[in-house]
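The sequence and the structure come next.

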Amino acid sequence: MATNDALTDVAGLRVGHARVAGNRALTGTTVVLAPEGGVVAAVDVRGGGPATRETDALDPRNIVQRIDAVVLTGGSAYGLDSASGVVAWLEEHGRGVRVGPDPAQVVPVVPAAGIFDLGRGGDWGIRPDAATGRAAVEAAAGTESGAPVEEGGVGAGTGALVGQLKGGVGTASTVLDSGVTVAALVVANAAGSVVDPLTGVLYGRYINGRTEYPAPEVHEAALRRLAELREQNGPAPLNTTLAVVATDAELSRAQAQKLAGTAHDGIARAVRPVHLLNDGDTVFALASGGLALPGEDPLALNEVLAAGADVVTRAVVRAVGAAESVEGPGGTFPSYRELYGPDGGAWTTS
């Protein structure tokens, strides 16, 4: 296991969160800041209703080779304005694609994706803007390399929901036998459910061979509570799950594209159903290039691909586990811990 079990275990990556202020605000922005010189990047979009910016620039057929930051944000398409604040900050620091003889002549390419959380705090008109993005990138830049990452209802996960449950930000990492680190950060905001309706277990926990289940009475009480809230809150709104999966392996842009695609399997293990028309599920892949894969083995990438999906699943579980209940003018959104207890309720073993 890597140091913090977080995205920042990939050397040089930093994460910053910012929340929109206000009593009726329940939204924010998260920025993943690359080290100086940027990282190889790719994206794979599988939801039917994405809110994205600059994703075409990551196509391996296009000119941009490396990027300096990725923005994950609330506010749906409106919230993509937060990327403008990150672009401005990067320009001020001379970071971006060099387009002229003067080192200051750069164009920062900042891919971004947004979740649907409009009105979650009770005011439809509140959403992240350029100032929110600047605050998030400044928060990232202000952290030390390898710093822990705050999880739960922070940044882009401030207003996130998974079905009727409170969602949020989660992160996880692993170190392979080769020494390569693979890590993920997720904003869990799914239209589907993360909970097995038959047992109350988070779907993502099954990949670890879990054989413990909440006591039947705990699960039944949780189902009753969720049914009540469904009547109170109304139908679940539009949603989206976002992820950044990263590695310190040296990847080509095409290999990074493959990593972004297979990492979606990690969402599919943790959320059911997934990639619906009212989702905008998007995965970014980043490769810092510190370690070369064995050149004599054409299948060496497979280990990284498998690990990418695994850490995304664990990050979804951690996002839901770290989330805290929210009650306000926008609705009542209980956490998994509120319904099932700190470790998932009174467990029994099958």
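## Overall fold

Of the contacts in the protein (heavy atoms within 4.5 Å) between residues at least 6 apart in sequence, 78% join residues at least 24 apart. The model is a predicted one, in which local features need pLDDT of at least 70 and side-chain atom pairs count only at pLDDT 80 or more, while totals for chains, interfaces and linings use all residues. Residues are numbered from 1 along each chain as its sequence is written, and side-chain values use heavy atoms, with hydrogens and water left out.

The protein has seven helices and 18 strands; helices (H or I, at least four residues) and strands (E, at least two) are DSSP runs numbered from the N terminus. Its radius of gyration is 19 Å, close to the 20 Å that the globule rule gives for 350 residues, so the protein is as compact as a globular protein of that length. That radius is taken over C-alpha atoms, and the globule rule is 2.2 Å times the number of residues to the power 0.38. Along the principal axes, the C-alpha atoms fill a box of roughly 65 × 50 × 35 Å.

## Burial and surface

Of the 350 residues in the protein, 55% are buried. Buried means under 20% relative accessible area, exposed over 50%, and partly exposed in between (1.4 Å probe, protein chains only). The protein exposes about 13,700 Å², and carbon and sulfur atoms supply 51% of that area. Accessible areas come from the Shrake-Rupley method with a 1.4 Å probe; for residues, only the protein chains shown count as cover.

## Pocket and cavity

Both kinds of space are found on a 1 Å grid over the protein atoms alone: a cavity is a set of points where a 1.4 Å probe fits but cannot get out, a pocket is an open set with protein on both sides within 12 Å along at least five of seven lines, and lining residues have an atom within 4 Å of a point. Grid points are joined across faces, edges and corners, and a volume is the space filled by probe spheres set on the points.

The largest pocket has a volume of about 240 Å³. Its lining has 17 residues, with G163, Q164, S193, L226 and R230 nearest the centre. Helix α4 gives the largest share of this lining, four residues. By class, the pocket lining has ten nonpolar, five polar and two charged residues. Here Ala, Val, Leu, Ile, Met, Phe, Trp, Tyr, Cys and Pro count as nonpolar, Asp, Glu, Lys and Arg as charged, and the others, Gly among them, as polar.

A search of the whole structure finds one cavity of 30 Å³ or more. The largest cavity holds about 30 Å³ of space. Residues R24, A25, L26, T27, D117, G119, R120, G121, D123 and I126 line it, which by class makes three nonpolar, three polar and four charged.

## Local features

T241 sits in the loop between α4 (216-233) and β14 (242-249). T241 counts as buried because its relative accessibility is 2%. Leaving out residues up to four places away in sequence, T241 touches V186, V187, A188, N189, A190, I267, D281 and T282.

Most residues other than glycine have a negative phi, and most peptide bonds are trans. The peptide bond from R272 to P273 is cis, with omega near -10 degrees. P273 lies in the loop between α5 (253-270) and β15 (282-291). H275 is found in the loop between α5 and β15, has a positive phi of about 60 degrees although it is not a glycine, and at 24% relative accessibility counts as partly exposed. S76, in helix α1 (residues 76-79), has a positive phi near 55 degrees and is buried, with a relative accessible area of 17%.
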